[in-house]
Amino acid sequence: MRFLLKLVAAVLLAFLLWLLQITVSVGTGLILPANAAEKEALAYLHTIGAHTDIVSSGIPSACSYAIYDTSGALLETDMSDSLRGNADLLALSGQDSLSANMLGRTYVKRQTDTRIVVLTYDFRSAFANPTLRRLFPSAELLEVFLLLFLLLAAFVLVITRQAKYLSRELIHLQEAADEIRNQNLDFTIRPTAICEFNQVAASLDALKSELSASLKEQWHMQQQRRRQFSALAHDIKTPLTIVRGNAELLSETALDPTQQTCNRFILENAAQIQDYLSRIIELAKTDDPAACSAECRFQAQLHTASFFDDLLGNTKSLGQKKELHVLFSTETLPAVLPLPEHPLRRILNNLLDNAVCYSPHKGTVTLDASIRDYRDAPEKESTLFLTVSDEGPGFCEDALLYGTEAFYRESADRNDKSHFGLGLSIADQLARGLGGSIALCNAPAGGAVVIVRLPLTGQIQRDAE
């Protein structure tokens with residue numbers, strides 16, 4: 001209703017301005033009224049007597065003229081060819097005037113004993129200035145265009161102001177939608193000055209409350225499932241330890257070859273199950289935000305040389321059986337990195353363990369570490385890049401897409417019974433917990449490549465300082 005009232009007021013104001021300029025233009029003589037040409041023509045004709053020698057110098061400028069002799073021969077004119085026909089007809093007729101059309105074109109005649117003059121004019125307003133009259137023959141048409149322009153300007157002005165007003169009030173709803181999209185539900189939606197917007201705000205507020213309750217319920221359920229998952233894994237480890245212990249005791253007794261083979265299978269598979277359960281417990285711990293936060297809070301820096309020397313020794317030990325070459329490139333790193341040591345060690349242990357497992361005999365496992373600006377990071381923050389590569393079969397197409405998902409073991413060329421599809425998933429979750437990411441790809445010459453990106457600025461670095 002306010003918008004409608006503003007629009008009506010703007011239209012009325014535009015119309016009043018139009019009427020005002022017409023009044024001023026006519027009052028100041030800028031525009032002649034519609035009957036001005038008629039008055040001038042009649043006044044001029046009254047000055048002509050029976051013996052007056054008619055010349056063009058005294059004819060009003062608002063009229064077009066044609067001067068004839070008494071026989072009807074044209075002597076002088078400023079009429080166009082389209083106007084001449086009616087003027088010639090009136091000059092030879094016994095009439096004193098002639099109306100040519102419905103638009104007000106009129107012809108008048110006065111005859112003396114020597115000459116005949118015919119004047120023509122329109123019943124319409126015109127500019128008093130001859131130059132303006134020549135540029136704009138119809139002042140009325142120009143006034144119509146001016147009125148349309150004023151009305152259009154009024155519409156544009158009111159609609160533009162209304163759009164700004166709506167945009168200003170819509171910001172409250174947009175802010176609320178952004179907060180909900182970012183899952184920040186602890187806020188109050190500010191009311192607007194528009195009733196309809198407030199109805200939308202009320203719906204958003206109800207949605208926020210329901211979403212908050214739903215997320216809290218899901219979080220509690222997830223935490224409960226995680227605790228149950230971890231507890232179940234711990235519960236399974238207890239009887240498994242008993243089975244394994246008894247199998248080890250049994251192996252020390254006198255067994256025939258068949259019994260030794262069966263006992264060996266029991267020990268090997270029990271060890272594999274125990275390793276599997278340990279990975280599951282590690283995955284549950286890694287997926288716990290509180291645990292990751294605690295690690296980042298209490299271990300916010302590491303000494304580069306000792307950390308990578310220890311990691312290099314462990315990797316060489318893992319690769320002795322395959323006679324692997326292990327190459328670490330960490331020379332450009334600073335003496336201290338603002339990162340928690342334990343999560344980073346877990347990330348690299350998982351990646352290097354995979355690289356050793358899938359490397360061919362006498363292959364090469366490489367770790368390249370460097371710090372550089374990351375173009376997609378805010379304000380080009382310094383970022384630690386860790387690239388682990390091997391010379392194995394590489395990732396298949398599905399593994400490139402789903403390799404970081406928990407329990408993924410779809411790849412036939414990178415499938416091993418000693419691996420459970422958890423290493424990359426654990427490394428990815430730990431990297432994301434540190435604000436980074438993991439990317440999988442294949443080297444052009446063959447082999448898998450895993451790139452870890454970890455930012456060195458932000459909350460983690462501030463905690464270190």
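This is a predicted model: local features need pLDDT of at least 70, side-chain atom pairs count only at pLDDT 80 or more; totals for chains, interfaces and linings use all residues.
Biologist: How many helices and strands does the protein have?

Modeller: Helices (H or I, at least four residues) and strands (E, at least two) are DSSP runs, numbered from the N terminus. Going by that, the protein has 14 strands and 13 helices.

Biologist: And what share of the 465 residues counts as buried?

Modeller: Buried means under 20% relative accessible area, exposed over 50%, and partly exposed in between (1.4 Å probe, protein chains only). Of the 465 residues, the buried share is 37%.

Biologist: Okay, on to helix pairs: how do H1 and H5 run relative to each other?

Modeller: Axes are lines fitted to C-alpha atoms, for helices over the stretch in contact, and angles run from 0 to 180 degrees between N-to-C directions. Helix H1 (residues 2–27) and helix H5 (residues 139–181) have axes that come within 9 Å and cross at roughly 150°. Angles under 35 degrees count as roughly parallel, over 145 as roughly antiparallel, 65 to 115 as roughly perpendicular and the rest as oblique. So H1 and H5 are roughly antiparallel.

Biologist: Which classes of residue make up the contact of H1 with H5?

Modeller: Contact means heavy atoms within 4.5 Å, and the residues meeting here include Phe3, Leu7 and Trp18 in H1 and Leu147, Phe155 and Tyr165 in H5. Ala, Val, Leu, Ile, Met, Phe, Trp, Tyr, Cys and Pro count as nonpolar, Asp, Glu, Lys and Arg as charged, and the others, Gly among them, as polar. The contact of H1 with H5 divides into three charged, two polar and 18 nonpolar.

Biologist: What about H10 and H12, is their crossing left-handed or right-handed?

Modeller: Helix H10 (residues 341–358) packs with helix H12 (residues 423–433) at an angle of about 150°, their axes 9 Å apart. A crossing is left-handed if the near helix is turned anticlockwise from the far one by less than a right angle, and right-handed if clockwise. For H10 and H12 the crossing is left-handed.

Biologist: How many of the 11 residues of H12 are buried?

Modeller: The buried residues of H12 include Gly423, Leu424, Ile426 and Leu430. H12 is mostly covered, and its count of buried residues is nine.

Biologist: Now Arg105: buried or exposed?

Modeller: Arg105 sits in the loop between strand S4 (97–99) and strand S5 (106–111). Its relative accessible area is 13%, so Arg105 is buried.

Biologist: Last one: how far apart are the C-alpha atoms of Ala448 and Val388?

Modeller: Ala448 belongs to strand S14 (residues 448–455). Along the chain, Ala448 and Val388 are 60 residues apart, while their C-alpha atoms are separated by 8.2 Å.

Technical notes
Residues are numbered from 1 along each chain as its sequence is written. Side-chain values use heavy atoms; hydrogens and water are left out.
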